[in-house]
Amino acid sequence: ASTTYYYRVRAVNAAGASGNSNTITATTSSAPPAGQPFTLVLIPDTQFYTAQTNGGTMAMYTAQTQWCVDNRVSRNIVAVAHLGDVTDQDTATEWQRADGAQDLLEDPATTGLADGIPYVMNFGNHDDNGGGTLFDQYFGISRFSGRGYYGGHWSSTNKNSYILFRAGGLDWVMVSLQFHPDEISGLLDWADGIFASYPNRKGILITHSMLYPGLDWSPGGQEIYDALKDRPNLILAACGHLNGSNWRTDVYGSNKLTTMVSDYQGDANGGNGYLRYLEIDPALNQVRAFTYSPYLGQSLTDQYNQFVLNDVPLGGGAPTIPAAPVATAATS
């Protein structure tokens, strides 16, 4: 931005080269143009895929991560977030299966990226059935340490972590908080501090449970919102845990946060491999949400599973901010 560039031109053919033209200058505008749209993928509860119960199969889970790899370039997929309940009974066998599915995102040869596609794992309540130590055994600090996108973690485990990436001409910070972070002393303060430490990065919150599909805050959801609502850079939050899909937008002063829930474990075959992907368009201040199963090759297109969020504060123009705190949401 605000940089002057200098050019000279000459022509070349078989007879030789001409002299240089006069110097031409061009100065870029004071603000860089908004970046191109990009995609963020959300993988809801995979517990019945890794447990291979209720009709769920690992083919559904691997279809999700393989779809991310296959469409990384065409859809400009820049990051993936698991929404928690990776497993059902927190067994080593289930974690080994999850390891194989997530490993697809990490392969430099197939992703074309040295560190693979940036992603976070979330620690759900079912991931704690056996004590929760297996989460860190398979998706602990050592697995992510050294990856260029990995920002860090809270305390001595990777159950709460964050990643950093750039997309759409913007810098981003994505924080993943375990189930019921409000019940762990100091954890919400840590998350608030991460968003505060990166004021020039747009913020995304991933946590296992925050919102009921009926649009009330789930237990602990109000506490999460209250702890983080004063961070102007936090603009999106996503969770799973409770079967169904919906979203709400809340405004606090000039801050605007949209929270969405997507979870399909209670549907046929433990979810049939449905995932949520968000097309984020900074130029239009818009987020377009879609729900798709790579396993079935089918989409859910009702108003709760396919919708458009307008006036998202992405920097492509002046977002519309109501004068007083209000909440809006999808309605039936």
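This is a short talk on one protein chain and its predicted model.

Hi everyone, a word on the ground rules before we look around. The model is predicted, so local features need pLDDT of at least 70 and side-chain atom pairs count only at pLDDT 80 or more, while totals for chains, interfaces and linings use all residues. Residues are numbered from 1 along each chain as its sequence is written, and side-chain values use heavy atoms, with hydrogens and water left out.

Let's start with the overall picture. The protein chain has eight helices and 19 strands; these are DSSP runs numbered from the N terminus, with helices being H or I of at least four residues and strands E of at least two. The C-alpha trace spans about 75 × 50 × 40 Å along its principal axes. For 332 residues, a compact globule would have a radius of gyration near 20 Å, and the 22 Å of this chain agrees with that. That radius is taken over C-alpha atoms, and the globule rule is 2.2 Å times the number of residues to the power 0.38.

How much of the chain is buried? Buried residues make up 52% of the 332, where buried means under 20% relative accessible area, exposed over 50%, and partly exposed in between, with a 1.4 Å probe and protein chains only. Contact, for us, means heavy atoms within 4.5 Å. Among contacts between residues at least 6 apart in sequence, 64% join residues at least 24 apart.

For those of you who like charges, there are 17 positive and 30 negative side chains, and the centres of the two sets lie 14 Å apart. Lys and Arg count as positive and Asp and Glu as negative, with His and the chain ends not counted; each charge is placed at NZ of Lys, CZ of Arg, CG of Asp or CD of Glu.

Now please find helix α8, residues 221–228. Its buried residues are Gly 221, Ile 224, Tyr 225 and Leu 228. Seen down the helix axis, they fall within an arc of 95°, so they line one face of α8; the arc is that of the directions from the axis to the C-beta atoms. What do these residues pack against? Their partners are α7 (187–197) and the strands β11 (202–207), β12 (234–239), β13 (244–252) and β14 (255–263).

That takes us to α7, where Leu 187, Leu 188, Trp 190, Ala 191, Asp 192, Ile 194 and Phe 195 are buried. They pack against α8 and several strands, including β8 (150–153), β9 (161–167) and β10 (170–177).

Trp 154 is partly exposed, with a relative accessible area of 22%. Its C-alpha atom is separated by 7.6 Å from that of Leu 187, 33 residues away along the chain. Leaving aside neighbours within four places in sequence, Trp 154 is in contact with Asn 160, Ile 184, Ser 185, Gly 186, Leu 187 and Trp 190.

I'll finish with some asparagines. Asn 272 has a positive phi of about 55° although it is not a glycine. Asn 272 sits in the loop between β14 and β15 (275–281) and counts as buried at 12% relative accessibility. Asn 285 has a positive phi too, about 50°, and is not a glycine either. Asn 285 belongs to the loop between β15 and β16 (286–293), and at 6% relative accessibility it counts as buried.
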